[in-house]
Number of protein chains: 2
Amino acid sequence: MQPQKIAIIAGNGSLPHTLAHKITHDGGQVFIVAFEGQTAPETVQGVDPIWMRLRATKKIIDALKARDIQDLVMIGALRRPSLKELKPDLKTLEFFSKYALRLTGDDGLLQALKEFLEQEEGFRLHGFHKFMPEMLAPAGILGKAKPTPAEHADISKGLEVLRAIAPFDIGQAVIVQQGFVLGIEGAEGTDELLKRCGALKRAGSGAVLVKYCKTQQDRDLDMPTIGPETVENALDAGICGIAIQAGSTLIADIERVIRIADSHKIFIIGIDGN
Amino acid sequence: MQPQKIAIIAGNGSLPHTLAHKITHDGGQVFIVAFEGQTAPETVQGVDPIWMRLRATKKIIDALKARDIQDLVMIGALRRPSLKELKPDLKTLEFFSKYALRLTGDDGLLQALKEFLEQEEGFRLHGFHKFMPEMLAPAGILGKAKPTPAEHADISKGLEVLRAIAPFDIGQAVIVQQGFVLGIEGAEGTDELLKRCGALKRAGSGAVLVKYCKTQQDRDLDMPTIGPETVENALDAGICGIAIQAGSTLIADIERVIRIADSHKIFIIGIDGN
């Protein structure tokens, strides 16, 4: 039984909109908490959004409670606010003063936020994939192109690197070319990683993007995601293929993802988990 | 006994010039192999440089042999040539066809190059620090500022990350703030890492640059280096301190490095090696 009244805490990208559409279509009721400068305008089309400033924690919580909402889905990345944007309200400060010691990484932050929302404020957080499991990456090759043996070796190397850094709550993507690690994702995100590595690519073939979940990552809170834009950015960077974690990566607009990949002969492969 | 006739394969930065000056001052004879668009013009002041296109391997080797030079020092980073610049000569192709399988990283490339130059071509490669050991970073705090306990914890985390990725021949630097890894150096180099992490810095204190040697790195070939520019880039990025490996990091213009660090109250600390 899925909850019938859900608030979507909507980051950027198309997934918040997809989910809102799905829930409405299934007869549920959706509220959107949207963030200025972050949530895509399409997300709030046809719904009554609650526009918020990021970190206006009390206002968000009050708005949700006023609508008698207990169930939340957080989906779409939210850009880390700059110093200038960061004018936290009292509730945010309360949250930070209580959890500050544990906020040592993205996972730490999200876990603490989940605990705060569930244990202190009585909400329930749900993973996006609970509502739309069909959007999880399947195992195996998704389009027409297949990795060469050298590209398979690059994927393996990328997985090894991601496993080595998993304990440190860093990024979840690397780019490997001809056995050489061009770049590791830190706090900058996959798109910035792609941009940077495009300029660093060596002569010759290859360059594979490998995205794989950090070990401690709570998949309800932060699921690796790719979409048409990822594939286009990969193309711009001269990447020849993308390896993602089957069952633990969301693919936004999979038809278009495969169409773009096929027309440029780059492979997309779902790697079986852990 | 140091060789009296030395060719400096001169990358960018001030170190090739410093070394040339030192060898000449000690009564030795110096040749400079300079690369267009890479070697700093100061490097070749007062000497007769051999200007070369990167990867014109045969011409470089012939020029060295014509001058009866057996001893080489490679110092200063050389930017990876772009696809457009990459028009290798036959000797370069010979080198690549023979060693291609091992060229899986910077270390692989440098090791193969060393083997090629020493075993096939009869040269001897020397480390810069053999000539100027006084330029190696000492252990302990170099200027006036000291790391806080939180910054010490960030240094430790940075060292852990660098140890975890050491087997993969990736970068040799990370930036850590408040226990959170902002960025890991890949093929882009420390200056690009600093630029990127400046934009990713969180609110609040901290952000430490940690530079530490990769395990398999041959220090004769590729020694981590910092200089005044590193400190200035770190300042621009909002970094509050720099940790380097004592005895295995070169500091170019240490007086100026310390002067800049002191006047902006950022710390520089040499961490005792492995």
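View 1. Helix α1 of chain B spans residues 15-25, and its buried residues are B:Leu15, B:Pro16, B:Leu19, B:Ala20 and B:Ile23. These residues lie on the same side of α1(B), because the arc they cover around the axis is only 135°. An α-helix has 3.6 residues a turn, so residues three or four places apart point the same way. The cover over the buried residues of α1(B) includes strands β1 (5-10), β2 (29-35) and β4 (71-75) of chain B. Helix α5 (128-131) and strands β10 (225-226) and β12 (250-251) of chain B are also included in that cover. B:His21 and B:His25 are exposed, on the face of α1(B) turned away from the buried side. After α1(B) comes B:Gly27, which has a positive phi near 90°. The model shown here and in the other views is predicted.

**View 2. Helix α8 of chain B and its packing partners.** In helix α8 of chain B, residues 228-236, the buried residues are B:Pro228, B:Thr230, B:Val231 and B:Ala234. They sit on the same side of α8(B), since they cover an arc of only 160° around the axis. Their packing partners in chain B are the helices α7 (190-200) and α9 (254-263), together with the strands β9 (208-211), β10, β11 (241-245) and β13 (267-271). B:Glu229 and B:Asp236 are exposed on the other side of α8(B). B:Gly238 follows α8(B) and has a positive phi, near 80°.

**View 3. The open six-strand sheet of chain A.** In chain A, 6 strands make up an open sheet with mixed pairing, in the order β6-β13-β11-β9-β7-β8. Its edge strands are β6 (140-141) and β8 (180-184) of chain A, each of which pairs on one side only. Within the sheet, β11 (residues 241-245) and β13 (residues 267-271) of chain A are paired in the parallel sense over 5 bridges. A:Ile244 is opposite A:Gly270 of β13(A).

**View 4. The hairpin of β7 and β8 in chain A.** Strand β7 (residues 173-177) of chain A pairs with β8(A) in the antiparallel sense, over 4 bridges. A:Gln177 faces A:Phe180 of β8(A) across this pairing. The hairpin has 2 residues between the strands, and A:Gln178 takes a positive phi near 50°.

**View 5. A buried glutamate in a loop of chain A.** A:Glu121 is located in the loop between helix α4 (106-120) and strand β5 (124-126) of chain A. The relative accessibility of A:Glu121 is 13%, so this residue counts as buried, the cut-off being under 20%. Apart from neighbours within four places in sequence, A:Glu121 contacts A:Ile61, A:Lys65, A:Lys91 and A:Phe116.

**View 6. Chain A as a whole, for orientation.** Chain A contains 9 helices and 13 strands. Of the 274 residues in this chain, 55% are buried. Of the contacts in chain A between residues at least 6 apart in sequence, 72% connect residues at least 24 apart.

Terms used:
Residues numbered from 1 in each chain as written. Chains lettered and ligands numbered in written order. Predicted model: local features only at pLDDT ≥ 70, side-chain atom pairs only at ≥ 80, totals over all residues. Heavy atoms only, no water. Buried < 20%, exposed > 50% of the residue type's maximum accessible area, 1.4 Å probe, protein only. Contact = heavy atoms within 4.5 Å. Pairing = 2+ DSSP bridges. Arc of directions from axis to C-beta.
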